[in-house]
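Dear colleague,

I am passing on to you the structure shown below.

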Amino acid sequence: MNGMISNLGLLINATLVATPPLLLAALGSCFSERSGVINLGIEGMMTIGAFTGAAMGLVAGNGWIAFLCGGLAGAAMAVIHAIVCIQFHADQTIAGTAINFIGPGLALFLAKAIYGSSDTPPLDISDKLPKMFEGWFPSGSFLGNVLNVYSVAYLVFVFAFIAWFVFYKTKFGTHLRAVGEHPEACESLGINVYLVRYICVILSGFMAGLGGAFVTVATINQFRPSVIVGQGFIAIAAVIFGKFSPEGAAKACLLFGFCSGVKSIISMSNVVSPNLISMIPYIVTIIALILFVGKAHTPAANGKPFVKSK
């Protein structure tokens, strides 16, 4: 019985480790998508955020500073996406795809230029994000497994609540949802469509960068080219699955995080091939999209360039 409870604690712990990067990126994607700009570049923004987080952790020796810098790096990539899509009316899908090439390519180039390798040196414990309640409970106990996680793992749910509040309880949230549905009508009412979209796209990059930095500054102690692979696309799938809402994205990310947790627990047994186990989150993502993508209400102006009237 104690073994089952302990394993349950390990599963919850693994879920809380896997969910934050997905949820951070998904919340950012919600802002961009609901404002009418498709952001398929989440993966690239997470990757550059992951590299920047690891690099700044080594330089600053402070996990929080590294975490914030990872978000700023993602925001910088989002500025490029915003200018190309909003100002120059480029195809948003192609622009996002380009970001997914630029982000990992730039991260790899900088890693080799600075460290002479595609991997950054490992971070010390003091360079990483702090854990909550570390040492408060016996190692291996249920509470020890559940509560001995990085503080951002719980803070990210506060972010989800804030995103929900902004979406549905503020004037800006009303504007961003309206801009994603009827930008022409918003312009006629004096709403600056370009400004709202710029803010939302840059915010999506910042959140994606935070998600990438969490991976390297918390769960993994260094940057490697494969640390993000696929997580950005899973975050986008979570947004679609969650019907482009913060609360829906949070539920979807918890589901995908749980699947990653199951993958981690099963991999400890060595009974099933690791190659098959690693497929679990992606298979669940595909199934979720097949079952729910047709039921999601996509913002009417999503992906459609808006041109100011003269």
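V37, C85, I86, Q92, Y194, R197, P305 and F306 line the largest cavity. Two elements, α3 (63–87) and α9 (193–219), each give two or more residues to this lining. By class, the lining residues comprise six nonpolar, one polar and one charged; Ala, Val, Leu, Ile, Met, Phe, Trp, Tyr, Cys and Pro count as nonpolar, Asp, Glu, Lys and Arg as charged, and the others, Gly among them, as polar. The volume of the largest cavity is about 40 Å³, and one cavity of 30 Å³ or more was found in a search of the whole structure. A cavity here is a set of points on a 1 Å grid over the protein atoms alone where a 1.4 Å probe fits but cannot get out, and lining residues have an atom within 4 Å of a point.

Please note that this is a predicted model, in which local features need pLDDT of at least 70, side-chain atom pairs count only at pLDDT 80 or more, and totals for chains, interfaces and linings use all residues. Residues are numbered from 1 along each chain as its sequence is written, and side-chain values use heavy atoms, with hydrogens and water left out.

As to the fold, the chain has 13 helices and zero strands (DSSP runs of H or I, at least four residues, and of E, at least two, respectively). Of its 310 residues, 49% are buried (under 20% relative accessible area, with a 1.4 Å probe and protein chains only). Among contacts (heavy atoms within 4.5 Å) with a separation of 6 or more, 78% join residues 24 or more positions apart.

With kind regards

Notes: Buried < 20%, exposed > 50% of the residue type's maximum accessible area, 1.4 Å probe, protein only. 1 Å grid on protein atoms, 1.4 Å probe; cavity = no way out; pocket = protein on both sides within 12 Å on 5 of 7 lines; lining within 4 Å. Points joined across faces, edges and corners; volume = space filled by probe spheres on them.
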